[in-house]
Amino acid sequence: MNAQSIYIVIAIVALAIIGGLMIFMKKMRPGAKLSPLAGLAFVFLIAGIIFGENRLIGYILIGIGLIIAIFDIIKKFKK
């Protein structure tokens with residue numbers, strides 16, 4: 001595997017973890033919908049994967065998405 005493939009796998013695993021956490025949160029609160037922050041984080045992660053050819057832009061977008069997702073998870077756990 002080359003370096004680009006490894007980074008794509010890491011991004012997909014990060015998306016899977018965030019998706020798993022969202023499913024876990026949904027089971028805790030039935031009827032809970034996707035928050036605007038979670039949707040924004042998802043958009044940034046997908047954009048990071050799409051723009052993965054330009055590493056700097058791709059990494060920045062994925063990093064922003066992960067930070068927003070973590071912030072949203074912390075915000076939900078405090079409620």
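This is a short tour of a few residues and helices to select in your viewer. The model you have open is a predicted one.

**Stop 1: Ser-35**

Start by selecting Ser-35, in the loop that joins helix H1 (3–28) to helix H2 (36–50). Is this residue buried or exposed? Its relative accessible area is 15%, and buried means under 20%, so Ser-35 counts as buried.

Now show its side chain and look for two polar partners. One is in the backbone: the nitrogen of Ala-38 sits 3.2 Å from a polar atom of the Ser-35 side chain. The other is the side chain of Asp-72, with which the Ser-35 side chain makes a polar contact at 3.0 Å. Setting aside residues up to four places away in sequence, Ser-35 touches Asp-72 and Lys-76, which takes us to the next stop.

**Stop 2: Asp-72 and Lys-76**

Select this pair together. Both residues belong to helix H3 (residues 55–78), where they are four residues apart, about one turn of the helix. What links their side chains? Draw a distance from N to O and you will find a salt bridge at 3.9 Å. Side chains of opposite charge can pair when their charged atoms come close. The count for the model comes to one salt bridge.

Asp-72 is buried, with a relative accessible area of 7%, whereas Lys-76 is partly exposed at 22%.

**Stop 3: H2 against H3**

Next, colour H2 and H3 and hide the rest for a moment. The two helices pack at an angle of about 160°, with their axes 7 Å apart. Angles over 145 degrees count as roughly antiparallel, so that is how H2 and H3 run relative to each other. H2 passes H3 in a left-handed crossing.

Show side chains along this contact. On the H2 side, the residues include Leu-37, Ala-38, Phe-44 and Ile-49. On the H3 side, look for Gly-58, Leu-61, Phe-71 and Asp-72, among others.

**Stop 4: Met-22**

Finish in helix H1 by selecting Met-22. This residue is partly exposed, with a relative accessible area of 30%. Which residues does Met-22 contact, leaving aside neighbours within four places in sequence? They are Leu-34 and Ala-38.

Definitions and conventions: Residues numbered from 1 in each chain as written. Predicted model: local features only at pLDDT ≥ 70, side-chain atom pairs only at ≥ 80, totals over all residues. Heavy atoms only, no water. Buried < 20%, exposed > 50% of the residue type's maximum accessible area, 1.4 Å probe, protein only. Polar contact = N/O pair within 3.5 Å; in protein donor to acceptor, adjacent residues only side chain to side chain. Contact = heavy atoms within 4.5 Å. Salt bridge = Lys/Arg side-chain N within 4 Å of Asp/Glu carboxyl O. Axes fitted to C-alpha atoms, helices over the stretch in contact; angles between N-to-C directions. Parallel < 35°, antiparallel > 145°, perpendicular 65-115°, else oblique. Left-handed = near helix turned anticlockwise from the far one by under 90°.
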